[in-house]
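This report describes selected packing features of a two-chain assembly, taken from a predicted model. The sequence and the structure are shown first, and the description follows.

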Amino acid sequence: MSLTNGKMMRTRLAKLMVAVLALAPALFAQDDVVMKAMKDEMERSKTQLRLDGMEKPYYIEYRVDEADVTSIEATLGVLTSNTSNRSRTLNLQVRAGDYAFDNTNFLTVGGFGPRFGRSGQVRGLPLDDDYDQIRREIWLGTDQVYKQASGDVASKRSVLQTRKYTASLPDFTPQPPVSMVEPRKAFRFDRTAAERLARDVSAVFRGTPEILDSEVSIVVRDLYTRYLNSEGTVFTRSEPIFALHVRADARADDGLPVQDSFSVFSRYMENIKSEEVIARAKKLARGLVALRAAGIVDRYNGPVLFEGEAAGAVMADVFAPAIGAARFPLTDEPRFETAMNQLFGQSGGTPLTDKLGAGVMPAFLDVVDKPRLDSFEGVPLLGCRVIDDEGVPTKEVNIVEAGILKQVLATRTPTDEAKASTGSKWLFGAVPSNLFLTAKKSETNAALRQRLLELAKARGLEYGIVVKHASEGGLSWVARFAGSMATPGAPNASSVELYKLFADGREERIRGVEFTSLTPTSFKEIVAVGDKPTLYQGPHVPMMNAIFSGFGGAGLSGDILALGSFITPSILFADLSLKKANIPVPNPPVVPSPLPSFTQK
Amino acid sequence: MRTRAAGLIVLLFFAVAGLAQENKIPDPVLATMKQELTRSFEVLKKSPVPPYFLSYQLTDNHDISVSSSFGALASSTDNKSRVVDIDLRVGDYNVDNTHPVSRAFATSTFGQTRGTLPIEDDPAALAVALWLETDRNYRNAVQQFEGVKTDRQIKPADSERSPDFSAAPPQHYSEPDAPFSFDRKLWEEKVRRFGQVFRGNPDILGANISASGELETRRYVNSDGSEIKISAPLYRLTIYASVRASDGEVLPLQRNFMSFTPEGMPSDETVLKAANEMLQMLLALQKAPVAEPYTGPAILSGRASAVFFHEIFGHRIEGDRMNDDDDAQTFKNKINQLVLPKFLSVYADPTLRQLYGTDLVGHYLYDDEGVKANRVTVVDKGIFRNFLLSRSPVKGFAQSNGHGRRQQGYDVEARQSNLLVEASQTVPRAALKKMLIDRLKKSKKPYGLLFADIEGGFTTTSRSIPNAFSVLPTVVYRIYADGREELVRGLDLIGTPLIAFSKIAAADDSPEVFNGVCGAQSGWVPVSASAPGLLIEQIEVQRKEKAENPKPILPSPSGASK
C-alpha cells in the first residue's frame, strides 16, 4: 500500500517516497480495467458534462464495490441455506452547484410524499472486466444522476426564495487529493470448512429439546473497493469479513419467550477456533435451558455494573451513535422540520453533539477514537481503517477529555458542531472506528462489585444488577425498534444477560426485563470503571437522526456491515432503570417436540 | 387434424406416466413428512379445536442461472432452497378457518416469519422444522376460526355460499429425481456470445440475455393419506432488448425459449438468428410512426390471441373468484349458455406436456392440493360448461378438477394451466387478412391493425372498478385497404370482456403457443396458452404508458477507447 497526500509533497524526501511508492499503483492502474474505465469517464464528465442553463457538476465520485458473499445457515447439525453471490456495484455521486450550495441536504415533503435531494445512485456493473460495458454504465449513471442533481439544486433554490434562510453552513467541504492504491488481496476462505463449522456449532442444540428453535449463520464477505473522485483522490481497499451468529429461542415455564445469541466477527475464518465457538454455543444452550426457570424483576432502579464485553456493548450501542455529527436536511415544510427534530431528540436519546464543551462523563474518563490502530492485545481490530468512505484519511480524534465533550466525529457534510471531516464516514454517517474508553482512576473487578453492592445497599436494595453480555444491538433503542417491527413480539429483551448480585457474592440470572432509560446522557452517571479493558467488536447501530441525515446527504453506502471495535473497561452506573419487558406470551406448542424421539434412538 | 395430433400426445404421455407410477421408489423425505404429519395430526385432533385436514407441501428448488448485459456477464448464481406450505384446517368441510370474513374479524399474520427448512436430508432437523411450522399454522387457524364464528353470528346467512373445502381421493405417486444438468460455465459463455449481437448501437438501451436451469421437486402429504413426489426440471432462455425512439420512448422486445429438457433448448444458431431478428425489428420500430388512439377491425396473431384469451377469458373461469362477492363473476350464471362464437371451444389441459413441438410450461400431473390433473372442457362449441376448480367448491361444482395452484409461500387458488383455444372452422392466414380488408372497404375505415407480437397483458375482475383488460403489444402493423402493412408503435389493446368475446369473427389455421408466468392472488405460476390467429370485428387501442429515457448529454464513450 502507498500513501500520498498533498502536504507530503512539500519536502524533497517526501517527493522521493511518493515517486517510489506511487510506482505500484501506477502499474496497477494501467492493468486494472475497472479503474481505467472510471478514470476515463471521470475525465470526460469533469470537463464536458453540462446542461445548458443548469448548474454545473462540481463534484463527481465513483466507487466500485466488488463483493463475494457466501452465506451459510444451519440448524441442528444440517444446513438450511447455502448461497454465494458475486457482485460488482457502482456507487456514484454527482453534486451540482458548488461546495457552498448544492443539491444535497434537502428534502421536499409536499406533493406526493417526501423526496430527498440525493446525489447518488447505485447500479450493477458487469462481472467481466469489459472496459466498454463498464464505461457505458458509468456514462449512463453519471448522466442520470447529474440531471437529477441539477434539477434538485434548482428546486432547493426555489424553496429558499419563499423563506428567510439564515443558515450559512456550506453543503460540502473540499478535501486535498490522496492516493492509496493496492491490487486486490487474495482471499483466503475454505467453504467446506465453513459449512462444517456451521453444522458442528448448530449440532450442539440437538441435545437440548427444551430449546424450540436455534440457528447458526455464517456470512463471509470479501469486499474490494475502488474509489475515485473529481478532486483527484483515488484509493482501493480490501475488507474481508467473517461473521458467525448463533441464536436460540425457548419458552420459560410460564410461557414467556427467552432468547440468547452471540456473534463472532473476524477478518478471516482461520482466526476462529471452532472448539471455542462450540464451547460457547454449549454454554449458551445450557444457560438458556437454565434461564427458563430464572426469575423476573418487575422494576429496578439502582446501580448497574456492565462487566467485560458488556461494557463495550453499551459503548457501541448507546454512546457511540451519539457522537457523530448529523446534518438535518433543509425541507420545504417548516412544520415537518420542527416535528422531526423533536422526534429524533426523544427517540433513543438526544445525540450528544449538542453538548460540545459540556460534561458528558465524570472527569476521570477520556474517550478517543484511534482508526489506524490495527490490533489490541494481539487481536486484529475490525474498526481499523486508513481512509474513510469519502476519501478522507483517518486520524486519531480526542472525543472526550476529562469528561468534557471536546470534539464530535464528522463527515464532509459540515454541521454547526463540526465544520471539517474527521475521516469518519462509514455506512450511515460519522461513526467511530476503534473507540477507547480510558480512565485516570480504575478499580479491580472485585472492588467494582463491592461498590455496586454498597450503592445498592444505600438504596435499600437487596441486590445490585450485573450485565455480562448483550447480543449486538441488544442495548440500542433503534435496533430493538427495528427488530420488533421486523418480527412483532420478538423476544429480544432477554438477549441481554442480567444477574442479581447479592451481598454474599451469589449471582442469580434474571430474564424478561429491559432497560428503559439507558441513553447517551446516562454516561454522566458512571461512578467507577474497571482496570482491565476488554475488546468488543460489533456492528454500528445508527441513531434515527443519522439515518435521516444519511438519506438527505450523500446517500447511504452500499456496504452491508460496518463494524467497529470498542475497548472498554467494566463500567459501573449509579442509577439505571429496568422494567419487565412488555412482550406477548404465546401458548406453548400443543404437540411436543419430535426431537427426543430422534436423539434417544 | 390438429386436435387428433394433440390427443395422440396425451395418450402416449399417459402411458409413460402409468409406467412411472408402477415404479414407486421409497423417498426418505416423504417418509419423514408423513411420520411428522401423522404425529402432529393425532395429537392436535385431541385438542379443543381439532384440525380436520392437514397437508404439507415441501418444495425444493435448485436454480442455476446466468445473465449478461450487452454480452458482459451480469450475474451467475447456483442456489438451493426448500420451502414448506402447510394447509391446516379447523372446523369442517362446510365452514372452516379459511371461510371469508369481514375485515373486522380478519386475522393478521403480518410479520410472521416462516421457519427455515434444512436443505440437507436429515430426519430430525426436518421433523423439528415441520413441527414448528405446524404449530405456527395451528395457532393462526384457531385464531382465524374464532373470527369466522363471530363473523357468521353477525352476518346474515348466505344461501348461495358453497362449502369451504371438498373431499378428494388420496393419491399415491412418486417419480424418481429427474435428470438435471445445466453447465453454468458453458452458459456463461453462451449468454456472453449471444449478447454481442446488440453491441455497438448507442440507441439500444438494454440487451439482457438470461438462461437458467431450475429443478423443482415437490413433495406432498396430507391427512387423507396422499403421498406425492414430483421432480420437474425447466430450462429457460430469455432475450430482452430495448431501443430508444427519437422522442425518448423506450420500445422493448422479448423472446422466451422454455423446455423441460436440455435437448429442447434452441441451438446457438437459432438464438443468434432470433437475436438478430429482434435487433432488426427494434431498429425498424425506432423509426416507426406513433399510432393514434383508434377503433376498428384487427387481426391477432396466434401468440397475441393466446394472451388475449388468457387475460380476458382465462381469469374469469377460475372457480375461486365465484365465491368472492367483490368479483365481477362474469360467467357465474352462464352455465350451458352461449358465451363465444359457436366455432370456438376452450379447454384447460394440464396433462398436456407438448403442443406443436413446444413444451407447455402449464403442464403438471398433480396440482398443489394433491389432486390429479384433469383435462377440463370449459367451452364446448361456444357454450360455457365448466370452471377451473381447486378444492374450494363453487355452487354446482362440488369437486376439484385439479387446478388448485400456488407459488410456494401463497395460499392455493384455482388457476389456469394450459389454456387451449380451438376453432372448428378455420381459414388460411392470408384469407383472414382479406376478410379484414373487406371489412375496411365496407366500413370506409382507412386501416385495420395486426397485432403480431405481445409482451403480456393484465386484467381486473373486481366489481369496484371497470372490468377492463389490456394487452400489451410490442409489434403492431397497420393494414391498409390496398393490402400494404405499416409498422407502428406506442399503443395498447384495451377493452371489456363480454363485448370483446362477441366481436370474434373468424380464426386462422396456424395456432401458436405462448409460454409465460401468470401472477394473481396465489402468486406466480407457469402457464401456457395456445390459440389460432383471430379476426376481431372491432377493437380499441389507446396510447401506451410513456416509458421515457431521454438521450444522454454526452455521446456514447464506446469506440473512443480502442
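## Nonpolar cores

The largest nonpolar core has 99 residues, and the members that touch the most others are B:Phe309, B:Val346 and B:Phe451. Leaving aside residues up to four places away in sequence, B:Phe309 touches B:Gly314, B:Leu419, B:Val421, B:Ala529 and B:Ala531. A second, separate core comprises 72 residues; A:Val246 and A:Ala285 belong to it, as do B:Ala125 and B:Ala168.

In soluble globular proteins, nonpolar side chains tend to be buried together.

Chain A contains 11 helices and 29 strands. Of its 601 residues, 49% are buried. Among the contacts in chain A between residues at least 6 apart in sequence, 81% join residues that are at least 24 apart.

## The interface between the chains

In the predicted model, 39 residues of chain B are in contact with 45 residues of chain A. On the side of chain B that touches chain A, the elements giving two or more residues are α2 (28–45), β2 (72–90) and α3 (123–154) of chain B. The element that gives the most is α3(B), with nine residues. By residue class, this side of chain B divides into 21 nonpolar, 12 polar and six charged residues.

## Packing of α2(B) against α3(B)

Two packed helices are described by the angle between their axes and the distance between the axes. For α2(B) and α3(B), the angle is about 40° and the axes are 10 Å apart. The two helices α2(B) and α3(B) are therefore oblique to each other, and their crossing is right-handed.

On the α2(B) side, the contact involves B:Val29, B:Thr32, B:Met33, B:Glu36, B:Ser40 and B:Leu44. These meet B:Pro123, B:Leu126, B:Ala127, B:Leu130, B:Trp131, B:Thr134 and B:Tyr138 of α3(B). The residues of this contact between α2(B) and α3(B) comprise nine nonpolar, three polar and one charged.

## Packing of α4(A) against α5(A)

In chain A, helix α4 (residues 191–203) packs with helix α5 (residues 274–291) at an angle of about 30°, and their axes are 8 Å apart. Accordingly, α4(A) and α5(A) are roughly parallel to each other. The crossing of α4(A) and α5(A) is right-handed.

Helix α4(A) contributes A:Leu197, A:Asp200 and A:Val201 to the contact, while α5(A) contributes A:Ser274, A:Val277, A:Ile278 and A:Ala281. The residues of the contact of α4(A) with α5(A) divide into five nonpolar, one polar and one charged.

## The covered helix α6(A)

Helix α6 (residues 309–319) of chain A is mostly covered, with 11 of its 11 residues buried. Among the buried residues of α6(A) are A:Glu309 and A:Asp317, as well as A:Val314, A:Met315, A:Val318 and A:Phe319.

The buried residues of α6(A) pack against strands of chain A, namely β12 (299–306), β21 (434–439), β22 (463–470), β27 (534–539), β28 (563–568) and β29 (571–580).

Where in chain A are A:Leu76 and A:Asn105 found? A:Leu76 is in the loop between β2 (57–75) and β3 (78–96) of chain A, and A:Asn105 is in the loop between β3 and β4 (106–108) of chain A. Although not a glycine, A:Leu76 has a positive phi of about 50°. A:Asn105, a residue other than glycine, has a positive phi near 55°. A:Leu76 is buried, with 28 other C-beta atoms within 10 Å, and A:Asn105 is buried with 27 other C-beta atoms within 10 Å.

A:Arg206 is placed in the loop between α4 and β8 (211–229) of chain A. Is A:Arg206 buried or exposed? A:Arg206 counts as buried because it has 21 C-beta neighbours inside 10 Å, where the threshold is 20 or more. Not counting residues up to four places away in sequence, A:Arg206 touches A:Leu76, A:Gly77, A:Thr599 and B:Ala124. A:Arg206 and A:Arg247 are 41 residues apart along the chain, and their C-alpha atoms are separated by 14 Å.

Note on methods. Residues numbered from 1 in each chain as written. Chains lettered and ligands numbered in written order. Predicted model: local features only at pLDDT ≥ 70, side-chain atom pairs only at ≥ 80, totals over all residues. Contact = placed C-beta atoms within 7 Å. Helix = DSSP H or I, 4+ residues; strand = E, 2+ residues; numbered from the N terminus. Nonpolar A, V, L, I, M, F, W, Y, C, P; charged D, E, K, R; others polar. Buried ≥ 20, exposed ≤ 12 C-beta atoms within 10 Å, placed from the backbone. Axes fitted to C-alpha atoms, helices over the stretch in contact; angles between N-to-C directions. Parallel < 35°, antiparallel > 145°, perpendicular 65-115°, else oblique. Left-handed = near helix turned anticlockwise from the far one by under 90°. Core = buried A, V, L, I, M, F, W, Y, C linked by C-beta atoms within 7 Å.
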